[in-house]
Amino acid sequence: QVQLVESGGDSVQAGGSLRLSCAASEYTHSRHYMAWFRQAPGKEREGVAAIYTADGDTYYADSVKGRFTISLDNAKKTVYLQMNSLKPEDTAMYYCAAPAPGVWVVPRDVLIPDEYNSWGQGTQATVSS
């Protein structure tokens, strides 16, 4: 499994910004998706954004479109999540995820947690009103 380490979580006020980072120990192969998920207390884990490492294609949940931006630095094997215009409902533990080696995740499934088998420990983002 790929080792993933997230960082950047913090407490901010509504309207503020945070930048999360996810450093991967390796890429399972040169073309795959990396994704961010989040989970609030008492809620299921939900997909936030995903990016294709080969060409940078991105996918977003409707709830974050226009506010969040996923990006990557392949040389550093690091994926970022820039979160702007934060709302209290964005409060959650944010996780980075990668698929199993050789597993191809089709675009329509990139925000489904079951498609990924490597997860980081999470980083907490708290947005106060």
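## Ser118 and its surroundings

Leave out the residues within four places in sequence, and Ser118 is in contact with Gln1, Val2, Leu4, Cys96, Ala97 and Ala98. Keep in mind that this is a predicted model. Ser118 itself belongs to strand β10, which covers residues 118–119.

Is Ser118 buried or exposed? Its relative accessible area is 1%, and buried means under 20%, so Ser118 counts as buried. Its side chain also has a polar partner: the side chain of Asn117, at 3.4 Å.

## The disulfide

One of the contacts of Ser118 is Cys96, and that residue takes us to the next feature. How many disulfides are there? The count is one disulfide. Cys22 and Cys96 make it, with their sulfur atoms 2.1 Å apart. The angle about the S-S bond is -80°, and the link is left-handed.

## Salt bridges around Asp90

Now for the charged side chains. The model has five salt bridges. In one of them, the side chain of Arg38 meets that of Asp90, with 2.9 Å from N to O. Arg38 lies in strand β4 (residues 33–39), while Asp90 is in the loop between β8 (78–83) and β9, so this pair joins parts that are 52 residues apart in sequence. Both of these residues, Arg38 and Asp90, are buried.

Asp90 has another partner, too: Arg67 forms a salt bridge with Asp90, and their closest N and O atoms are 2.7 Å apart. Here the arginine comes from the loop between β6 (58–60) and β7 (68–73), and Asp90 from the loop between β8 and β9, so the pair ties together parts 23 residues apart in sequence. Which residues make up the network of salt bridges? Arg38, Glu46, Arg67 and Asp90 are linked in it.

## A pair next to each other

Another salt bridge joins the side chains of Asp109 and Arg108, at 4.0 Å from N to O. These two partners differ in how they are placed. Asp109 has 16% relative accessibility, which is under the 20% limit, so Asp109 counts as buried. Arg108 has a relative accessible area of 72%, and exposed means over 50%, so Arg108 is exposed.

## The nonpolar cores

Time to look at the nonpolar side chains. The largest nonpolar core has 27 residues, and the ones with the most contacts inside it are Met34, Trp36, Leu81, Met83 and Tyr94. Which elements give two or more residues to this core? They are β3, β4, β5 (46–52), β7, β8, β9 and β11 (123–128). Take Leu81 and skip residues up to four places away in sequence: Leu81 still touches Leu18, Arg19, Leu20, Trp36, Val48, Ala49, Phe68, Thr69, Ile70 and Tyr94.

There is also a second, separate core, and this one has nine residues. Among them are Ala35, Tyr52, Val110 and Tyr116.

Methods:
Residues are numbered from 1 along each chain as its sequence is written. This is a predicted model: local features need pLDDT of at least 70, side-chain atom pairs count only at pLDDT 80 or more; totals for chains, interfaces and linings use all residues. Side-chain values use heavy atoms; hydrogens and water are left out. Helices (H or I, at least four residues) and strands (E, at least two) are DSSP runs, numbered from the N terminus. Buried means under 20% relative accessible area, exposed over 50%, partly exposed in between (1.4 Å probe, protein chains only). A polar contact is a pair of N or O atoms within 3.5 Å; within protein, one must be able to donate a hydrogen and the other to accept it, and residues adjacent in sequence count only if both atoms are side-chain atoms. Contact means heavy atoms within 4.5 Å. A disulfide is a pair of cysteine sulfur atoms within 2.5 Å. A nonpolar core is a set of buried Ala, Val, Leu, Ile, Met, Phe, Trp, Tyr and Cys residues joined through side-chain atoms within 4.5 Å.
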